[in-house]
Amino acid sequence: MKLSLFVIFFLLFSGCRYSRVTIPNNLDLNEQMSLPAEEKVKLSFNLLNQSVFIPKCVSCHGTSGGVNLESYPEIIKNLRDIKSSVFMVQTMPKKDLLSDDQKRLLWNWIEIGAPLNAQKPGSEPPPPEPIQATYESINKNIFIPKCVTCHSAGNSAWQVLLSRQELLDSPLELALPGNPDESGLVIAVERTDKKRMPPEKDGYSALKDDEKAAIRAWIEAGAQ
Amino acid sequence: MKSKLLALAIGILAASQMTFAQEAAPGIVKAKAAELTAHRVDRLVSLNKIDSSFLTKAAKMEVTVVQNQAPAYYKVRVSQTQPASGEALQMDVVYDGNGKPLSYTVLPGGSAGPDEGWTGVDAITLMENGLHYVLENGEKDANVRPFYTALTTITLTKGQLNGKTIARTQMKSSENALTLNVYVNLDGSFVSSEIIK
């Protein structure tokens, strides 16, 4: 009887697998991530916003209904969760991970208290330029941070690429110069149903009005 | 004499160019022409140019190669089961060999049938997602390739698979007598595929 119980328990537990999830601690991370003091004094919200939040976070954490990371107050409100999800449990970003440099910037900015302004006067980066109705501006401010994670070679939406020539040549008529109303790109970003791009079902926020307007104006002006 | 020879040479050259133009391999395969039609229907409905039932109640697409009407190369006929009102409709969409849409024509005579009442994504998206299976596997899977290069029809019906309601996209090819069934969930996600005699 004892032997058979032993065999049953042995079989039961030998089938179980345990793995230990290692959560890094503050000290280890500080050692890995810490920037020199002369770099830390240059950190500001504006720098972090342009280097980390806009390119890596706001495509999902915008108006999609979940955590919003589009402004300084919202980011401060969610700072603990940001630190935890990026550095401790490492669940964010879900796609397009942060580079080592971006991680260092974020870690140090949080560690020095997430200041709005840099401690060293004059080290603030210039504010981002407003989006222009040119391909270069649209590519830099919309496609790269919000679209190419999927719309690029080797990724899920590789069949629809977003170079200027691809937009003009696509049989999907994505950009019809002078005709934004019938251009697939405009229709895709302006529609409000399930087929909107970026896709709501994947957690992405809709483009902002100024972004949509820039795409429309670029195509209206000939998509040069 | 010289001018006659020149005219003859130009004539031969022009005739050979026309022959090449007709025989030139298309830039896209038939399955891609059908998939582009799914996008085209969505676009035309978005622009309020065609009956919205082409999106929600599409039931069939037929792909043919257009003869001697360059630059037209493919014609895809879409049939719906029911329009918003009146008789069921069809639509022909004509493409060049690279998939650029050239024209569309709405016609009477759709294959009137039951409204499947798709509750997740629309009928055209279900067809499109079935075609994605063919586009993703047609080059690497010899069994799927006939449906990739020589697709003739794709029909959409509702069915049951393992006790679950699914959409069945059924495809035929001019290269064999087989049928490719691609099963798709009502939300458009892929379930499975099979090739049957």
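Me: In this predicted model, which residue forms a salt bridge with K208(A)?

Reply: Residues are numbered from 1 along each chain as its sequence is written, chains are lettered from A and ligands numbered from 1 in the order in which they are written, and side-chain values use heavy atoms, with hydrogens and water left out. A salt bridge is a side-chain nitrogen of Lys or Arg within 4 Å of a carboxyl oxygen of Asp or Glu. With the closest N and O atoms 3.4 Å apart, the partner of K208(A) is E70(A).

Me: How many salt bridges does the rule find across the interface of domain 1 of chain A and domain 2 of chain A?

Reply: The assignment (bounds from an automatic or database domain assignment) gives domain 1 as 26–111 and domain 2 as 134–220 in chain A. Between these two domains, four residue pairs are in polar contact, both residues being at pLDDT 80 or more; such a contact is a pair of N or O atoms within 3.5 Å, where within protein one must be able to donate a hydrogen and the other to accept it, and residues adjacent in sequence count only if both atoms are side-chain atoms. For salt bridges across the interface of domain 1 and domain 2 of chain A, the rule finds one.

Me: How much area do domain 1 of chain A and domain 2 of chain A bury between them?

Reply: The C-alpha centres of the two domains of chain A lie 27 Å apart, and twelve residues of domain 1 are in contact (heavy atoms within 4.5 Å) with ten residues of domain 2. Buried area is the accessible area (1.4 Å probe) that two parts lose on being put together, summed over both. Carbon and sulfur atoms carry 51% of the area between these domains, and the total is about 870 Å².

Me: What is the area buried between chain A and chain B?

Reply: The contact takes twelve residues from chain A and 18 residues from chain B. In chain A, P171(A), L172(A) and K195(A) lose the most area to chain B, together 40% of what that side buries. Carbon and sulfur atoms give 45% of the area buried between the chains, which comes to about 1,200 Å².

Me: Which residue of chain B meets K195(A) in a salt bridge?

Reply: Across the interface of chain A and chain B the rule finds six salt bridges, and ten residue pairs are in polar contact, both residues at pLDDT 80 or more. In the salt bridge of K195(A), the N to O distance between the side chains is 3.1 Å, and the partner is D122(B).

Me: Which residue does D181(A) meet in a salt bridge, and where does that partner lie?

Reply: The side chains of D181(A) and R216(A) meet at 2.8 Å, N to O. The pair links distant parts of the chain, 35 residues apart, with D181(A) in the loop between helix 9 (164–169) and helix 10 (184–190) of chain A; helices (H or I, at least four residues) and strands (E, at least two) are DSSP runs, numbered from the N terminus. The partner, placed in helix 11 of chain A, is R216(A).

Me: Which element of chain B has the lowest mean pLDDT?

Reply: Chain B averages a pLDDT of 89, with 87% of the residues scoring at least 70, and its highest element mean, 98, belongs to strand 7 (residues 179–184). Where pLDDT is low, the predicted coordinates should not be read in detail. With a mean of 52 over residues 2–23, the lowest element of chain B is helix 1.

How values were computed
pLDDT is the predictor's confidence in each residue, from 0 to 100.
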